[in-house]
Amino acid sequence: MKRASFHLFAGLAALALAACGQGGAGDGASPPGAPPAKTATTPALASGATTKTDSGIAIRVIKSGADNAAVPTTVSVVRVHYEGKLDGGQVFDSSYQRGEPVRFGVTDVIPGWTEVLQKMRVGDVWEVRIPPDLAYGEAGMPPGCASNPIGVEACSIPPGAFLTVKFELLDVQG
């Protein structure tokens, strides 16, 4: 329960920063003094490819970034567009609907996002299905979480829910 609470808090903190203007569009360049992002050493997954990770995350590649594009690490800050849905197709959160991508640390979100982001390259667009143990687990996120900066809808994930998320990795710093 402590782990789930931490990840919930960290995820909401990242979203709060984004909602407060810390997730601006940017120009894709790393800030002065920031370490360069890691570049890929293995080929990108081809568009249309599907795969499943050892942890059970299903990945469908919609669009592939360049083979030599930057890949996030655990110390990276990423800028992404995303849309998350529950099994019935209900959107629980969408940066696309808000009209602005978000920026957050790779490890500041649920474990499923952290794992997926470290496999992506800038320019990748993937749809992933994240099992409950790598999302919000058996606790879920009850409606009306007061600390959610983007509204109650994004704070209504039922216990044991699988999440389907479309990710578009726009930028990596660090």
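These notebook entries record what I looked up in a predicted model.

**Entry 1: the nonpolar core**

I began with the largest nonpolar core, which has 32 residues. Trp113, Leu117, Val128, Ile130, Leu163 and Phe167 touch the most other members of this core. I then noted which elements supply at least two residues each: strands S3 (58-63), S5 (77-85), S7 (102-105), S8 (125-130) and S9 (163-173), together with helix H3 (111-117). Strand S9 gives the most, with 5 residues. As general background, nonpolar side chains tend to be buried together in soluble globular proteins.

I next asked which residues Leu163 contacts beyond its neighbours within four places in sequence. I found Lys85, Leu86, Phe92, Ile110, Val128, Arg129, Ile130, Ala135, Tyr136 and Ile157.

**Entry 2: aromatic pairs**

I looked up the aromatic pairs and found a count of 3. The rings of Tyr82 and Trp113 have centres 4.9 Å apart and planes at 70 degrees, so I recorded an edge-to-face pair. Tyr82 belongs to strand S5 and Trp113 to helix H3, so this pair ties together parts that are 31 residues apart in sequence. Both Tyr82 and Trp113 are buried.

Trp113 also pairs with Phe167: the ring centres lie 4.9 Å apart and the planes stand at 80 degrees, so this pair is edge-to-face as well. Phe167 lies in strand S9 and Trp113 in helix H3, so the pair joins parts 54 residues apart in sequence. I checked how accessible the two residues are. Trp113 counts as buried because its relative accessibility is 9%, and Phe167 counts as buried because its value is 0%. Through ring pairs, Tyr82, Phe104, Trp113 and Phe167 are linked into a cluster.

I followed strand S5 to its pairing with strand S6 (residues 91-94), which is antiparallel over 3 bridges.

**Entry 3: salt bridges**

How many salt bridges does a search of the whole structure find? The search gives 5, and I examined several of them.

Glu127 forms a salt bridge with Arg60, with the closest N and O atoms 3.5 Å apart. This pair links distant parts of the chain, since Glu127 is in strand S8 and Arg60 in strand S3, 67 residues apart. Glu127 counts as partly exposed at 30% relative accessibility, and Arg60 counts as partly exposed at 37%.

Asp171 and Arg103 meet through their side chains in a salt bridge of 3.6 Å, N to O. Here too distant parts of the chain are linked: Asp171 lies in strand S9 and Arg103 in strand S7, 68 residues apart. Asp171 is buried at 4% relative accessibility, and Arg103 is buried at 15%.

Asp93 forms a salt bridge with Arg98, the closest N and O atoms being 2.5 Å apart. Asp93 is buried at 7% relative accessibility, whereas Arg98 is partly exposed at 37%.

Conventions
Residues are numbered from 1 along each chain as its sequence is written. Side-chain values use heavy atoms; hydrogens and water are left out. A nonpolar core is a set of buried Ala, Val, Leu, Ile, Met, Phe, Trp, Tyr and Cys residues joined through side-chain atoms within 4.5 Å. Buried means under 20% relative accessible area, exposed over 50%, partly exposed in between (1.4 Å probe, protein chains only). Helices (H or I, at least four residues) and strands (E, at least two) are DSSP runs, numbered from the N terminus. Contact means heavy atoms within 4.5 Å. Two strands pair if DSSP finds at least two bridges between them. A salt bridge is a side-chain nitrogen of Lys or Arg within 4 Å of a carboxyl oxygen of Asp or Glu. Rings of Phe, Tyr and Trp (its six-membered ring) pair if their centres lie within 6.5 Å; planes under 30 degrees apart count as stacked, over 60 as edge-to-face and the rest as tilted.
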